[in-house]
Amino acid sequence: TKYEPIEQVRRVMDAAGVKRAVLAQHMGEFDNTYIGGIVASDLEHFAGVCLVDHTRPDATSAMEALAASGNFRGVRFPAESILEGMDCWTAAADLELIIVLYAPDGLPGYMEAMTQFFKSRPNCRLVLTHLGTPIVDGDSEIKDYRDIFRLAKFDGVYYQVSGMKMFCPYPHAPLYSILEEAAAAFGNSRLLWG
């Protein structure tokens with residue numbers, strides 16, 4: 001309901017020389033059938049990230065079924081899920097799913113819970129999407145942000161460079177220092193682009 005049809009994605013991938021892509025379910029869409037079908041038909045070129053409603057009582061069993069299908073390598077959660085649905089995080093780690101985290105209001109309120117989680121599940125992998133969602137005041141000042149670089153001490157945490165237009169207009173100059181800090185904290189091997 002939100003993205004281009006897969007045929008268009010394939011054309012863009014071909015034009016750009018992209019061999020493989022991860023298809024991530026968008027927030028609010030819990031029907032993972034379309035992405036699952038695409039991945040099932042072309043495992044060579046696609047991997048899937050599902051979305052599970054962490055507030056539902058059957059969330060962990062739904063995630064288990066999606067993981068068992070073989071079509072999903074990750075699960076997408078909103079940041080509040082670590083406070084509201086820790087059982088989902090634990091299940092995702094146990095299923096060896098990559099947690100793809102979206103934090104629309106930033107991460108400062110979740111840092112302690114995330115740190116404790118990674119101490120208990122050091123082998124879990126997590127992607128901080130959209131730069132960890134910094135809060136940019138106007139066109140220049142970034143607020144309450146740099147604490148997220150503390151998560152770089154956990155080898156399984158990755159940082160996704162994406163969504164820059166969500167925070168400030170092109171050429172995104174206020175974000176340059178964040179990108180430099182992210183590269184220094186995570187290293188090039190744990191930076192992702194999307």
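Which residue lies over the face of Tyr102? Select Arg76: it sits 5.6 Å from the ring centre. A charge counts as over a ring if NZ of Lys or CZ of Arg is within 6 Å of the ring centre and within 35 degrees of the ring normal.

A note on the model before moving on. It is predicted, so local features need pLDDT of at least 70 and side-chain atom pairs pLDDT 80 or more, while totals for chains, interfaces and linings use all residues. Residues are numbered from 1 along each chain as its sequence is written, and side-chain values use heavy atoms, without hydrogens and water.

Next, the ring pairs. The whole structure holds seven aromatic pairs. Rings of Phe, Tyr and Trp (its six-membered ring) pair if their centres lie within 6.5 Å; planes under 30 degrees apart are stacked, over 60 edge-to-face, the rest tilted.

Select Phe77 and Trp89. They are stacked, at 6.4 Å centre to centre with 15° between the planes. Phe77 is in strand E3 (residues 72-78) and Trp89 in helix H5 (residues 86-94), so the pair ties together parts 12 residues apart in sequence. Helices (H or I, at least four residues) and strands (E, at least two) are DSSP runs, numbered from the N terminus. Phe77 is buried at 0% relative accessibility; buried means under 20% relative accessible area, exposed over 50%, partly exposed in between (1.4 Å probe, protein chains only). Trp89 is also buried, at 0%.
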